Amino acid sequence: MSEKVNITGLTAEELKAFVGSLGEPPYRARQIIAGARGRRLGSFAAMTDLSREFRTKLIQHAVVTTLVLESRYLSSDGTRRYLFKTHDKLPVETVFIPDERRDTICFSSQSGCPLQCTFCLTAQLGLLRNLTAGEIVEQVIFALNDAYGEAVKTPRGTNLVGMGAGEPFLNFDALIKAIRIMAEPNGLHIVPNRVTISTAGVVPRIRELATIPDRPHLAVSLAAPTDELRNELMPINKKWPLKELLSACKDFEKSLKPKERFTFEYVMLAGVNDSDKQANQLARLLNSHTLRAKVNLIPHNPAEPLPYHPSSPERVETFRQILESKGILAFVRRPRGRDILAACGQLAARGTPEESRLVLISA
Ligand code: SF4
């Protein structure tokens, strides 16, 4: 990449310092934020309320976007998946999930992922690199513009989930910075209360997140009710086994607001982790820590060549009922965007197997 500064990754304070280094007064930073984030304009040239001289100076020293859209896929259920390339040609994937009540953007925190969850295709890429705060924010701006149009106010607040490629807590500083940038007034104004970050269980960061005053919500991917099975499905469990993970969750609970719960994600793999016995084990595990939590059951999304199959809807429902009968709040998550490989565990920078039948718009 050129040495130009990516202003999308700068906080308001950093932007003030940057415009100062160009010999400009601090209010210029506010103008840039209003254009690049408030109106989500993708270039300095489009910010016509800035003087021509200032725009020329900015174009010489900075950029607003660095990700390049490679492909855009549209699912039959309206979900959209975007495959970008970074300046160093690495894949970044983002998913937009429309919903009658509130749309959701699922962003990636890393290109690839270093963790080796056996039910997830992203794992096969390995870690390519951490994304910068700017690259995280850019994904959100792009998805908002694609859904609603550049400079158009979002029709209703959009939710964000950090559940795309990568383990967000292994890129903690950039993640938290991106969340701060997105919350700044006059910018995107997406408050942390509308953001949920999902972790495979990086215990020290769960505790650290709890100390951040204006923090996002937390989701923890469990996938198994015992260490034995979790070691197999999510090898991170060998480093931070269930006891340590749940004790960190218990500590995190102290930071919950009155009506807030945190979420356990449980991917349902047919014949692997979906028996009645395992539902009872899971209920016992969670009840033994008396956690104020809910469980989202996620039927596995087919992801060849992985050797798993989704649990049947009946099995998922029985599992849910067992949890509920033991006092655990449990929901079944409807899979979205499976046909374009946009669903959980399917992000692996690939084209779809049925591309010709889908709306594929190459950048
Ligand atoms: S499930 Fe999440 S943490 Fe696990 S390999 Fe996939 S992207 Fe990484």
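H1 passes H2 in a right-handed crossing. A crossing counts as right-handed if the near helix is turned clockwise from the far one by less than a right angle, and as left-handed if anticlockwise. The structure is a predicted model, in which local features need pLDDT of at least 70, side-chain atom pairs count only at pLDDT 80 or more, and totals for chains, interfaces and linings use all residues. Residues are numbered from 1 along each chain as its sequence is written, and side-chain values use heavy atoms, with hydrogens and water left out.

Helices (H or I, at least four residues) are DSSP runs, numbered from the N terminus. H1 covers residues 12-21 and H2 covers residues 27-38. Their axes, lines fitted to C-alpha atoms over the stretch in contact, lie 8 Å apart at an angle of about 120°. Angles run from 0 to 180 degrees between N-to-C directions. H1 and H2 are therefore oblique to each other; angles under 35 degrees count as roughly parallel, over 145 as roughly antiparallel, 65 to 115 as roughly perpendicular and the rest as oblique. In contact (heavy atoms within 4.5 Å), Ala 12, Leu 15, Lys 16 and Val 19 of H1 meet Arg 28, Ala 29, Ile 32, Ile 33 and Arg 37 of H2. These residues comprise six nonpolar, no polar and three charged. Ala, Val, Leu, Ile, Met, Phe, Trp, Tyr, Cys and Pro count as nonpolar, Asp, Glu, Lys and Arg as charged, and the others, Gly among them, as polar.

H4 (residues 133-148) packs on H5 (residues 172-183) at about 45°, with the axes 8 Å apart. H4 and H5 are therefore oblique. Their crossing is right-handed. From H4, Ala 133, Ile 136, Val 137 and Val 140 meet residues of H5 including Leu 175, Lys 177 and Ile 181. The contact of H4 with H5 holds nine nonpolar residues, no polar and one charged.

H6 (residues 203-210) and H9 (residues 242-253) pack at about 0°, with axes 9 Å apart. H6 and H9 are therefore roughly parallel. The residues of this contact divide into eight nonpolar, one polar and three charged.

Mean pLDDT, the predictor's confidence in each residue from 0 to 100, is 91 for the protein, and 93% of residues reach 70 or more. Over residues 353-363 the pLDDT is below 50. That stretch has 18 contacts in the model beyond near neighbours in sequence. Where pLDDT is low, the predicted coordinates should not be read in detail.

Definitions and conventions
Helix = DSSP H or I, 4+ residues; strand = E, 2+ residues; numbered from the N terminus.
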